[in-house]
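Please take a first look at this protein.

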Amino acid sequence: MTKLNEQQERFCRAIVEGMSGNEAYVEAGYKVSNDATARANASRLLSNANICERIAELRKPIAAQTSVTLAWLIQQAQEVLVAAKADASHAASIAAIKELGILSGERIEQSIRTNRNITVDEYSDEDLTAYLASNGSAGAIAEASRAKGSDPVH
């Protein structure tokens with residue numbers, strides 16, 4: 001692991017102690033002009049591989065003390081899934097299934113950001129629906145349809 005500077009180390013320790021990214025950023029001694037800057041810079045730090053590695057390293061002994069294992073996490077997610085299905089709570093069921101996929105290594109959480117701007121009027125409802133569905137933006141489908149002046153696509 002690459003050696004972290006003092007502020008980065010304090011940031012990691014603050015995250016492990018349970019602080020939010022903003023709080024940890026300030027606690028680490030970084031200069032902050034406003035909350036938006038703190039949020040953006042904390043997010044940047046949290047996406048740094050060396051920071052993530054150090055946070056995981058700091059969490060290991062804590063996890064060992066609390067007996068949190070991968071098997072236990074999977075069991076908990078399975079129990080949540082069973083309960084959610086029994087309650088017909090579809091959102092909770094899907095969340096539990098996603099968590100099981102992540103824990104088992106079969107599903108990887110991924111965030112893709114693009115700087116592409118599209119003009120809604122240039123595309124049909126079907127094209128917009130396909131585009132938004134492929135980018136995981138279900139809530140944006142209705143917004144795009146409203147912007148175009150049609151009923152939301154369901």
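## The cores

In this predicted model, the largest nonpolar core has 16 residues, and the members that touch the most others are Phe11, Cys12, Tyr25, Tyr30, Leu45, Ile51 and Ile55. A nonpolar core is a set of buried Ala, Val, Leu, Ile, Met, Phe, Trp, Tyr and Cys residues joined through side-chain atoms within 4.5 Å. Buried means under 20% relative accessible area, exposed means over 50%, and partly exposed lies in between (1.4 Å probe, protein chains only). H1 supplies the largest share, 5 residues. Another core lies apart from it, with 5 residues, among them Ala77, Leu81, Ala96 and Leu100. In soluble globular proteins, nonpolar side chains tend to be buried together.

Some ground rules apply. Residues are numbered from 1 along each chain as its sequence is written, and side-chain values use heavy atoms, with hydrogens and water left out. As this is a predicted model, local features need pLDDT of at least 70 and side-chain atom pairs count only at pLDDT 80 or more, while totals for chains, interfaces and linings use all residues.

## The whole protein

The protein has 8 helices and 0 strands. Helices (H or I, at least four residues) and strands (E, at least two) are DSSP runs, numbered from the N terminus. The order from the N terminus on is α-α-α-α-α-α-α-α. Of the 154 residues in the protein, 23% are buried. Among contacts with a separation of 6 or more, 40% join residues 24 or more positions apart. Contact means heavy atoms within 4.5 Å.

H1 covers residues 6-16. Its buried residues are Gln8, Glu9, Phe11, Cys12, Ala14, Ile15 and Val16. Asn5 caps the N-terminal end of this helix, with a side-chain oxygen 3.0 Å from the backbone nitrogen of Gln7. Just after H1, Gly18 takes a positive phi of about 105 degrees.

What does Cys12 contact, leaving aside its neighbours within four places in sequence? The partners are Leu4, Ile51, Arg54, Ile55 and Leu58. Glu9 also lies in H1. Not counting residues up to four places away in sequence, Glu9 touches Leu4, Arg54 and Leu58.

Glu17 lies in the loop between H1 and H2. Glu17 and Leu58 are 41 residues apart in sequence, and their C-alpha atoms are 9.8 Å apart in space.

## Two helix pairs

Two packed helices are described by the angle between their axes and the distance between the axes. Axes are lines fitted to C-alpha atoms, for helices over the stretch in contact, and angles run from 0 to 180 degrees between N-to-C directions.

H1 and H3 pack at about 90 degrees, with axes 12 Å apart. H1 is therefore roughly perpendicular to H3. Gln8, Phe11 and Ile15 of H1 make the contact with Ala42, Leu45 and Leu46 of H3.

Helix H5 (residues 70-86) and helix H6 (residues 90-104) pack at about 160 degrees, with axes 8 Å apart. H5 is therefore roughly antiparallel to H6. Angles under 35 degrees count as roughly parallel, over 145 as roughly antiparallel, 65 to 115 as roughly perpendicular and the rest as oblique. On the H5 side, the residues that meet H6 include Leu70, Leu73, Ile74 and Ala77. On the H6 side, those that meet H5 include Ala92, Ser93, Ala96 and Ile97.

Ser93 lies in H6. Not counting residues up to four places away in sequence, Ser93 touches Leu81, Ala84 and Lys85. Leu103 is also found in H6. Leu103 and Ala77 are 26 residues apart in sequence and 9.1 Å apart in space, C-alpha to C-alpha.

Ala88 lies in the loop between H5 and H6. Phi of Ala88 is near 55 degrees, a positive value in a residue other than glycine. Most residues other than glycine have a negative phi, and most peptide bonds are trans.

## Accessibility at a glance

| Residue | Relative accessible area | Class |
|---|---|---|
| Glu9 | 19% | buried |
| Glu17 | 62% | exposed |
| Ser93 | 9% | buried |
| Leu103 | 17% | buried |

Note on methods
A polar contact is a pair of N or O atoms within 3.5 Å; within protein, one must be able to donate a hydrogen and the other to accept it, and residues adjacent in sequence count only if both atoms are side-chain atoms.
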